[in-house]
Amino acid sequence: MRRPIYSLLILLLSVVIGLNIQAQNILKGTVKDAAEGVALPYAQIKADCLSEIQFADINGSYRISIPQDTCTIEFMSPTYSSMKRVVIFTARQREIKLDVKLNSEAQVLDQVNVVSSKYENNPETSTSSLVVLDAKKFEDKNINSVDELLNNGGGVAVVDNEPQIRGGSGFSSGLGSRVMILLDDIPMLRADAGRPMWNFIPMECVEQVDVLKGAASVVFGSSALTGAINVLTAYPRSKPTTKVTVFAGMYSRPSDKYATSWIHHNPIKFGASFMHSRIIKKNFDLIIGGEYFDDQGYIGPEERISVTRDKNGSSKGKFERRGRFNFTTRYRFEKVKGLSISLNGNFMYSDNAQSFFWFDGDTNRYRTYKGSLSHFHDFTFYLDPVIKYVSPKGSVHSFRNRITYSNNAEESGAQDASSILVYDEYQYNKNITRIGLNIVAGAMNIYAQSYGRCFNGDNFSDSPVRMYSDNFAMYAQLEESLLRNRNLKLLLGGRWEFYKLENEFEHKPVFRAGINYQIWRSKTAFRASFGQGYRYPSIGERFIAINVGRYGFYPNPQLISETSWNVEFGIMQPFKIAESFLGAIDVALYHQNYKNYIEFAMGPWGNSDNVLDNMGFIFLNTGPARISGVDFSLMGGGDISDKVAMSLMLSYTYSNPVAKERNRVYYTHRGRDYTFANSSSDTSRSVLKYRIEHMAKIDVEFTFWKKFKIGASASYYSAMKNVDKFFFDYDMDNPNLSPMRRQMLAQLGDLPFRGFYNYCEAHKNGSLTFDARISYSFSETVSLAFIVKNIFNNDYTLRPMYLEPPRTFTLQFKYNLN
C-alpha cells in the first residue's frame with residue numbers, strides 16, 4: 001500500500017520541479033553605446049520583479065533569470081539616458097534576447113532639461129533647466145578649455161574667467177563665483193579666491209558638461225547661487241581607446257592695423273593632447289591623459305618691441321604655456337558586487353603672464369597698461385580618492401574626497417599665494433521603484449587654507465598671512481513620481497549650511513521644491529521650481545590686498561553673505577520632422593531676488609589724497625537686487641537625406657537685472673556716501689553694472705557621406721549699458737567732462753580710462769561674431785579640421801577695457817583609435 005503513495009509523491013514532486021524549471025524565464029543580451037556601437041561595461045540592470053540590481057559584464061553582456069512572465073526592465077549607465085522595456089514571456093518563449101543601445105545624455109535631443117540633482121533620473125521629467133554640452137560634438141572647434149566649451153551654451157557667458165548664467169553675476173575678475181564649478185560631482189574652485197580653474201580641467205578626458213540654471217545651493221553648495229556647472233569625464237568602454245589631437249593657430253592683426261601690438265610675425269598658439277583608456281583584467285579601469293599648450297597671446301607689452309616673439313616672457317605681453325598630466329583609475333571588487341574604489345589625479349605647471357587693463361581705448365588698446373602685467377609660475381594638483389558601493393537592493397553609498405593644492409608664484413612676490421583645499425562628502429541614494437520615490441541625502445565638508453601676501457587684508461603690508469575657512473553642510477532631497485505613467489514628479493529638498501572664516505561663524509538653511517508634469521502622448525513637459533540660494537564671500541573677496549601698476553584691489557573685511565530665492569516656469573516640447581530629424585524646443589521664465597548683493601566696484605578706495613594711489617576695485621554689499629527674464633532654446637539633428645545629416649543649436653536669453661533701491665547708501669568712504677544712483681554710468685533703467693542683457697547664439701553643421709563636415713556659428717552679446725561711473729569720470733577724452741576737468745586729468749599722466757567713453761559709444765550696439773569650421777575624416781581614425789574664429793575680425797569687449805581675441809586661424813589633426 002505504501003509503494004503507490006510513494007509513487008504518487010514522486011510524481012507530484014516531479015511535476016512541481018518540472019513546472020519550476022519551465023517557469024525559469026531567461027533574459028539575455030548586450031548593452032551598447034547607440035552612437036559608437038561599443039559595449040557599455042558593467043551597465044546596471046534594474047527589474048521591478050527582482051529585489052537586487054544586476055550588472056552586465058565587461059563586454060556589456062548580461063543574462064538574468066526572471067521569476068515572472070511580465071516584468072519592467074530598466075537599463076542604466078553613467079552619463080547615459082536610461083531605457084525602460086517591458087518583457088513578456090509565454091509558454092512557448094521562455095528565453096528572450098534583448099539588445100539595448102543607450103544614448104549619451106548629451107546626444108538625446110529631447111533632453112534640453114537634464115537632472116539637476118546628484119543622482120541619475122529621467123531628464124524629460126526634470127524640474128529645472130540645464131544645458132547639456134557633449135564635448136565630442138565640439139571637437140572640430142578645437143576647444144582647449146571648458147570655458148570655451150561653455151560659451152556654446154544658451155544663457156551662459158564666461159567673462160574674464162567668471163561664468164555668468166542668465167545675467168546672475170557681472171564682472172568680478174573671476175573672484176567669488178556665484179556658479180559652482182564641479183568636476184565629476186566634486187567642487188573645482190580655488191580655495192582662496194573662489195575662482196574657477198578652467199585650464200586645470202582635463203579637457204581631453206571630458207565627456208559632457210551639464211549647466212544647471214537657477215539656484216542650486218541645496219545639493220551643490222553655497223557657491224551655486226545662480227547655477228552649477230558639472231564637468232563629467234569619461235570612463236573606459238569595452239574596447240581600448242586612444243585619442244591624440246595636435247593643433248597650430250595664428251592671430252590676425254587687428255582690424256585697425258595701427259593698434260597692432262607686435263612688429264614682426266603674428267603671434268601663434270599651438271599644442272597637443274592625448275588620452276588613452278582601457279579596462280585591465282575585467283575589473284580595473286585606467287585612463288591617462290595629458291596636454292601641452294603654448295599661446296603667445298595677442299595682448300602686447302607696455303611698449304612696442306622690435307624683437308621677434310619666438311621667446312615669450314613677461315616683457316613680451318600676455319601669454320600662457322602649460323603642461324598637464326592626469327590619470328583616472330577604478331577597481332571593482334569581484335567578491336563584493338557593487339563595491340568599487342577610485343583614485344584620480346591631475347598635475348599641472350603653468351608659466352603665464354596676465355594683463356588686466358588696456359593701455360588706452362584707442363591706438364594702444366591691444367597693449368597692457370603700465371605695470372599691470374603680472375608674470376606667474378603656477379603649480380597645481382589634485383587627488384580624488386573615492387569609494388562607492390551599490391547594494392543588491394539598489395542603495396548607493398558614495399564617499400567622495402578631493403585634496404587640491406595650488407601654488408602661484410608671481411615674479412615680484414606681491415601676488416604670491418598658495419592654498420590647499422580638502423573636500424569630503426558622504427552621499428546616500430535610494431531609488432524605490434515600486435512607489436516611484438528617489439531619496440538622496442548626505443553630508444559634506446570643505447576645509448580651505450591660504451597663505452600669501454595678496455590676501456593679508458593690508459595694501460601697505462608685505463607680510464604673508466595664513467587664513468582658514470571651513471564649510472560643513474547636511475542635505476536631503478526627495479523625488480516622488482506619481483500617476484499611472486509616473487508622469488507627475490514632485491521634488492522637495494533642504495540643506496543646512498555652516499560656514500566659518502577665521503573666528504567668524506555663520507549658518508543658514510536653504511530649501512528647494514519643484515514639479516514637472518508631462519503629457520504622456522505628446523511628451524510636452526510643464527515644470528515649475530523654487531529654490532533658495534546662499535553664498536558666503538571667499539577669502540579673496542574679503543581680504544585681497546594687492547597693487548598692480550597704478551591701481552589695486554582693496555580688502556573689505558565687513559563683507560557679509562548674500563542670499564537669494566529663485567522661481568522658474570518652463571515648458572519643453574520634443575518634435576519630429578519626417579522620420580529622422582528630432583529636436584526639442586524649450587522656453588523658461590525666471591525671476592531671482594537677492595539680499596545683500598555683492599558687487600565688484602571701481603573707485604578711489606585708498607586713503608591717500610592722490611587719486612593715482614587710491615584707484616582700484618573692492619567688493620561691496622550693495623543691497624537688494626532683482627533679475628528676471630526669458631530663456632529660449634531649440635536644438636535638433638538628424639538625417640535630411642541618405643547622404644546628408646544636419647545638427648542645429650539656437651538660443652536666446654534676455655535678462656533684466658535691476659537694483660531695487662537706487663538711493664540706498666551701501667558704503668561710506670572718506671566722508672563720501674556711495675549709492676547705485678551716484679556711482680553708475682547709466683541710471684535710466686536701474687540696470688546692474690557689468691551685465692549682458694541680450695545674448696543670442698546659433699550653431700549649424702552639415703555632414704556629408706559621414707566624412708565631410710562644414711559648420712558655422714554666430715554669437716551676439718549686447719553691450720554693457722552700465723558700469724562704474726569712475727571709468728568715465730577719469731577719461732580725459734570724455735566730451736561730457738568740463739575743460740577744467742580734462743586739464744586736471746591730463747596732468748595725471750597716462751590712465752587706462754582714456755578713450756573708454758568713445759569706445760563704448762562706437763560699440764553701443766553690442767558685438768556680433770561669426771566662426772566657421774570644415775573637417776574631413778580620412779578614415780575612422782584620422783581627421784583634419786580648419787577653424788576660423790571671429791571671421792570678420794571684429795574688435796569687441798565683454799568687460800571694461802579688455803579686448804577679446806581678433807580673428808584666429810587654426811589647423812587641427814586628430815587621431816582616434818578604438
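Which strands each supply at least two residues of the nonpolar patch?

## The patch

Strand 41 (767-777), strand 42 (782-789) and strand 45 (808-817) do, each with at least two residues. Strands here are DSSP runs of E with at least two residues, helices are runs of H or I with at least four, and both are numbered from the N terminus. The patch covers about 750 Å² of surface, and its members are Val246, Ile710, Ile774, Tyr776, Phe778, Leu784, Phe786, Leu811 and Phe813.

Leu784 sits in strand 42. With a relative accessible area of 33%, Leu784 is partly exposed (buried is under 20%, exposed over 50%, partly exposed in between; 1.4 Å probe, protein chains only).

## The whole chain

This is a predicted model: local features need pLDDT of at least 70, side-chain atom pairs need 80 or more, and totals for chains, interfaces and linings use all residues. Residue numbers start at 1 along each chain as its sequence is written, and side-chain values use heavy atoms, leaving out hydrogens and water.

You get 8 helices and 45 strands. The radius of gyration is 29 Å, close to the 28 Å from the globule rule for 818 residues, so the chain is as compact as a globular protein of that length (C-alpha atoms; the rule is 2.2 Å times the number of residues to the power 0.38). Buried residues make up 58% of the 818.

Conventions. Patches are made of residues with over 30% relative accessible area and no salt bridge: like charges are joined within 9 Å, nonpolar side chains (Val, Leu, Ile, Met, Phe, Trp, Tyr) within 5 Å. Accessible areas come from the Shrake-Rupley method with a 1.4 Å probe; for residues, only the protein chains shown count as cover. A salt bridge is a side-chain nitrogen of Lys or Arg within 4 Å of a carboxyl oxygen of Asp or Glu.
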